[in-house]
Amino acid sequence: MDQGILSTVGNTPLVRLDRLFPEFPARAYAKLEQFNPGGSIKDRAALNMLRGKIESGELVPGRSVVVESSSGNLAIGLAQICAYFGIRFICVVDPKTTRQNLAVLAAYQAEIDMIEHPDPVTGEYLAVRRRRVRELVETVPGAYRPDQYTNPLNARAQRQTMAEIMTELDGRVDYLFCSTGTCGTLVGCADYLRENGHRTRIVAVDAVGSAIFGHPPAPRLIPGHGASVVPPLAANARPDEVLHVSDLDCVVGCRLLAVREAILAGGSSGATVAALRRRMADLPAGSTSVLIFPDNGDRYLDTIYSDRWVTEQFGEVSHLWKGEKC
């Protein structure tokens, strides 16, 4: 099947981070998933969850309707695929979804179903969004729910991500830093490593306030990683260690990337930078670490990269990333 723009999903660049932490006596690389056509690693999952059903005829243009809950990146990946094949797409979002993401979805003619109120117990939107998706699937004729939180094809897509990394580095990766949300990337990368006998140590980077690894849920500012409920895919996630990073950690990590490496990355990328910074004193000299950067920073211009927003949320903290460039 001719996939046009979709044929560019995957095979994203791997770049060395030489300027980020000059004192780090080891190597660090970033897998830049922003180079996927929809701008994030979720393009891989979206294509893997829909392609087979489109090719088999289970999803039919003009008749089928894809319905999914997403904070942004998966929504854009699905919207692009549905636009390409002429399939209707309804995306359930919440007020945390960035203005830029909503604009991109509108450009792809996706239908937006906005949840207004969070779950009264957790104060988060995820459970409410998922309930709304179930309602739509039950009432909209021809509806199909990919369900990134339970679909094994989500995780399976990320085996290729890890394969690309290992090929580029000749299999020599000592540490993998991977942010967590649905746990698709974490599980897919881990499955590839274990099935191929690699001894790479997997560091799961979760958000403070996320419930994925047993912590009580709490409000979070930055979407893209963490979850207020434990996603079913997490049952297969067996990281070697878990690090929790705060919203401020993410902001500082992103700002350091922009200032020192000229990489504009999203919040979950900043989270992996914060995790590396916390652990780097313990990593052996000469070792190799890879950080997966899930998306671009252009969708966070009103938040992470807005001095006004950062000051409103955290006070004057610019000293944490300003100073001489490395």
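**Pockets**

I began with the largest pocket of this predicted model, which has a volume of about 200 Å³. For the search, run on a 1 Å grid over the protein atoms alone, a pocket is an open set of points with protein on both sides within 12 Å along at least five of seven lines, a cavity is a set of points where a 1.4 Å probe fits but cannot get out, and lining residues have an atom within 4 Å of a point. Grid points are joined across faces, edges and corners, and a volume is the space filled by probe spheres set on the points.

I noted the lining of the largest pocket as Lys96, Thr98, Arg99, Gln100, Arg220, Leu221, Ile222, Pro223, Tyr300, Asp302, Thr303 and Trp309. By class I recorded five nonpolar, three polar and four charged residues in that lining, where Ala, Val, Leu, Ile, Met, Phe, Trp, Tyr, Cys and Pro count as nonpolar, Asp, Glu, Lys and Arg as charged, and the others, Gly among them, as polar.

I then turned to the second largest pocket, which holds about 150 Å³ of space and is lined by Val9, Gly10, Asn11, Arg44, Leu47, Asn48, Arg51, Ala157, Gln160 and Glu164. Helix H1 (42–56) and helix H5 (152–168) are the elements that give two or more residues to this lining, and H1 supplies the largest share, four residues. Helices (H or I, at least four residues) and strands (E, at least two) are DSSP runs, numbered from the N terminus. The lining of the second largest pocket divides into three nonpolar, four polar and three charged residues.

**Numbering and limits**

I used residue numbers that run from 1 along each chain as its sequence is written. Local features of the predicted model need pLDDT of at least 70 and side-chain atom pairs count only at pLDDT 80 or more, while totals for chains, interfaces and linings use all residues, and side-chain values use heavy atoms, with hydrogens and water left out.

**Cavities**

I found two cavities of 30 Å³ or more in the structure. The largest cavity has about 540 Å³ of space, and of the 37 residues that line it, Ser71, Gly181, Gly224, His225 and Gly226 are the closest to its centre. The elements that give two or more residues to its lining are helix H2 (73–85), helix H4 (126–139), strand E7 (175–179) and helix H6 (184–195), and H6 gives the most, with three residues. I recorded the lining of the largest cavity as 14 nonpolar, 16 polar and seven charged residues.

The second largest cavity has a volume of about 60 Å³, and I listed its lining as Ser71, Gly72, Asn73, Thr98, Asn101, Pro223, Gly224, Asp295 and Tyr300. That lining has two nonpolar, six polar and one charged residues.

For H2, the 13 residues should span 18 Å and the end C-alpha atoms are 19 Å apart, which agrees. H2 is mostly covered, with 11 of its 13 residues buried, including Asn73 and Phe85.

**Strands**

I looked next at an open sheet of four strands in the order E5-E4-E3-E6, with parallel pairing, where two strands pair if DSSP finds at least two bridges between them. Strand E5 (111–114) and strand E6 (143–144) are the edge strands, each pairing on one side only. Strand E4 (residues 88–93) pairs with E5 over four bridges in the parallel sense, and Val93 has Met114 in E5 as its bridge partner.

Strand E10 (residues 288–293) has six of its six residues buried, so it is largely enclosed by the rest of the structure. Both of its faces are covered, with Thr288, Val290 and Ile292 on one side and Ser289, Leu291 and Phe293 on the other. E10 pairs in the parallel sense with strand E2 (residues 27–32) over six bridges and with E7 over three bridges. I noted that Ser289 in E10 is the bridge partner of Ala28 and of Tyr175.

Definitions and conventions: Buried means under 20% relative accessible area, exposed over 50%, partly exposed in between (1.4 Å probe, protein chains only). The expected span of a helix is 1.5 Å times one less than its number of residues.
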